[in-house]
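Biologist: Hey, can you walk me through this one? I'd like to start with the rings.

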Amino acid sequence: MGSAALLGAWSQPRKLTFAWSQAGFCLAPVPVALERGFFEKNGLDVELLNWAGSSDQMLEALATGKADVGVGLIHRWVKPLEAGFDVKVVGSVHGGCLRLVGAKAAGVTTELASLKGKTIGVSDQNSPARQLFYAIHLAKKGIDIDKDVDWRVYPADLLDIAVKKGEIQAIADGDPNVYLIEKRNPGVFTEIANSAKGEYAERLCCIVGARGEFARNDKPRAAATVRALAQASDYVAENPNESARIYAKYAPKVAVEDLQKLFTELTYKHHPAGKALRNEVEAFATDFRNAGILKKSTDVVRFANHVSLDVLA
């Protein structure tokens, strides 16, 4: 059903509460969808709810009806979804935004093996970069994340200072922080891994979750949300400069030209839905199970079928 048909069927835009973290620059399609009218064109009257709490709390808010839809990193959602929150994964907004960089002076190269015996700095012990993405990535390369490397927590904007002091030799974090660190320290770092390249080049990063009851019983509105965000993601990919201008008010400490460059590099064209989305959820669940983050007894096929819902079908 097209947006005109939706508006005709609903006579007026349907209200919807959308939870997101405005601090996550990669979620720019959300305010873009609002400001450029993609929500409205799909028959939706969206209220944005800035969510500062944890992913578990967001999923609980969705499950209990405090919000209808939310968006966040799949790396933070898979484990809580295993716990049984009634939230369905219905869409996605972009591919990877996590990076691992090492100090050249410390002997770190593009090979993951060069990290053995090194200390990796992170901004949060439970961050997607540490606990989820790179834990899996390193384990795949035969590196024991508990024995072969150390992890140390620093405030995000002080990670490069810790490198200069020799306290850490690598940084695992997301952009824009890693981008800004590299900009402040030209030639100091080498990129070891990137969640938008290699085997993850065609893998999603941030997903759209909907309250279970809402997704099951109001598929037209859920589908309209997925379509609006897909259109907004494509817009960001095709118009990074204008998208940076729209998002800039949420990131006053990041220059607009830096946001423009970041939006150019992110894979906003990759936002699967339907069966393709379900298959990616299964792939992530398999990685998480193999790394011991999900229970070894978890049936990843059943898990992916249960938590994913094709609202466009």
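Biologist: Are Y247 and F263 buried or exposed?
Modeller: Y247 and F263 are both buried, where buried means under 20% relative accessible area, exposed over 50% and partly exposed in between, with a 1.4 Å probe and protein chains only. Keep in mind that this is a predicted model, where local features need pLDDT of at least 70, side-chain atom pairs count only at pLDDT 80 or more, and totals for chains, interfaces and linings use all residues. Residues are numbered from 1 along each chain as its sequence is written, and side-chain values use heavy atoms, with hydrogens and water left out.

Biologist: Is Y268 buried or exposed?
Modeller: Y268 is buried, and F263 is too.

Biologist: Which residues make up the aromatic cluster?
Modeller: W20, F25, Y247, Y250, F263 and Y268 form one cluster.

Biologist: How many aromatic pairs are there?
Modeller: The structure holds 7. In one of them, the centres of Y247 and F263 are 6.3 Å apart with planes at 70°, so that pair is edge-to-face.

Biologist: New topic: what sits over the ring of F284?
Modeller: The charged end of R203 does, 4.4 Å from the ring centre. The rule is NZ of Lys or CZ of Arg within 6 Å of the ring centre and within 35 degrees of the ring normal.

Conventions: Rings of Phe, Tyr and Trp (its six-membered ring) pair if their centres lie within 6.5 Å; planes under 30 degrees apart count as stacked, over 60 as edge-to-face and the rest as tilted.
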